[in-house]
Amino acid sequence: MTQPQSSSPDTQWPRWEVFKQDAPGRPHQAVGSVHAGDPPHALVTARNVFVRRPAAVSLWCVREDDILTATPEELTTHPALLDSPGETGTYHVGVKRTNKRSMTFVDLSGTVQASGSGDALRKAQIMHPDVLAWMVFPESAVVRTDEDPGTVESWFAPAKEKTYKQQQYYGVIGRHVGELKRAGLMPGRAPSEEGA
């Protein structure tokens with residue numbers, strides 16, 4: 001839900017929500033946000049932050065100000081959200097179905113034709129009545145990477161070649177505390193500390 005503006009000046013660049021597509025034919029998924037001064041900056045920053053290792057074939061960025069989100073509870077307490085103004089046209093619809101996935105907030109599920117953001121939100125609610133949250137934004141607000149093979153190769157191929165290693169497989173310096181305790185090599189507390 002859109003929050004009231006703070007009275008203090010905002011010194012950060014605008015916030016952009018990032019949507020990543022892992023493979024052709026799969027939906028774009030919200031993976032997080034970045035702060036950027038303009039659309040190209042948002043895409044480059046999104047690639048640097050969210051496409052370091054996982055596979056990707058497309059990135060979209062949408063300014064936070066162009067996105068309308070709501071939960072069922074928010075629509076109950078603030079039904080005026082369904083009257084939010086906006087341009088007439090195509091809107092993308094995203095839904096949050098679960099809290100179990102830590103990386104992904106919203107999956108984009110399709111588009112609707114709407115007379116504004118509130119109308120798009122109403123249609124999203126009808127399309128997906130049993131979700132945790134809805135997100136809508138106009139097609140005109142999307143900045144995206146080009147889909148030509150050369151762009152996809154130059155933007156996303158380097159991430160495919162990077163290997164991913166769990167932290168537990170990295171070497172450590174010295175020995176783990178638990179190992180030292182089991183071996184009886186950890187010093188005990190001084191008598192003055194034990195009585196405190």
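**Entry 1: T45**

I began with the side chain of T45, which reaches the backbone oxygen of H41 at 2.8 Å. The model I am reading is a predicted one. I located T45 in helix α1, which spans residues 39–50. Is T45 buried or exposed? Its relative accessibility is 18%, so T45 counts as buried, the cut-off for buried being under 20%. I then looked for contacts of T45 beyond its neighbours within four places in sequence, and found V34 and H35.

**Entry 2: aromatic pairs**

How many aromatic pairs does the structure hold? I noted two. I recorded two values for each, because a pair of aromatic rings is described by the distance of the centres and the angle of the planes.

F19 and F137 form a tilted pair, with 5.2 Å from centre to centre and 35 degrees between the planes. F19 belongs to strand β1 (residues 15–21) and F137 to strand β7 (residues 133–138), so this pair ties together parts that are 118 residues apart in sequence. I checked the accessibility of both residues: F19 counts as buried at 0%, and F137 counts as buried at 0%.

**Entry 3: arginines over rings**

I next looked up charges placed over rings. R47 lies over the face of W155, at 4.7 Å from the ring centre. The charged end of R144 sits over the ring of W60, and I noted 4.5 Å to the centre of that ring.

**Entry 4: strand β7**

I returned to β7, the strand that holds F137. How many of the residues of β7 are buried? Six of its six residues are, and the strand is mostly covered.

I then looked up strand pairing. β4 and β7 pair in the antiparallel sense over three bridges, and L68 stands opposite V136 of β7. β5 and β7 also pair in the antiparallel sense, over six bridges. K96 has A133 of β7 as its bridge partner.

**Entry 5: helix α3**

Which residues of helix α3 (residues 117–127) are buried? I recorded S117, G118, D119, A120, L121 and A124. These buried residues pack against β4 (68–70), α2 (72–77), β5 (89–96), β6 (107–114) and β7.

Note on methods:
Residues are numbered from 1 along each chain as its sequence is written. This is a predicted model: local features need pLDDT of at least 70, side-chain atom pairs count only at pLDDT 80 or more; totals for chains, interfaces and linings use all residues. Side-chain values use heavy atoms; hydrogens and water are left out. Rings of Phe, Tyr and Trp (its six-membered ring) pair if their centres lie within 6.5 Å; planes under 30 degrees apart count as stacked, over 60 as edge-to-face and the rest as tilted. Helices (H or I, at least four residues) and strands (E, at least two) are DSSP runs, numbered from the N terminus. Buried means under 20% relative accessible area, exposed over 50%, partly exposed in between (1.4 Å probe, protein chains only). A charge sits over a ring if NZ of Lys or CZ of Arg is within 6 Å of the ring centre and within 35 degrees of the ring normal. A polar contact is a pair of N or O atoms within 3.5 Å; within protein, one must be able to donate a hydrogen and the other to accept it, and residues adjacent in sequence count only if both atoms are side-chain atoms. Contact means heavy atoms within 4.5 Å. Two strands pair if DSSP finds at least two bridges between them.
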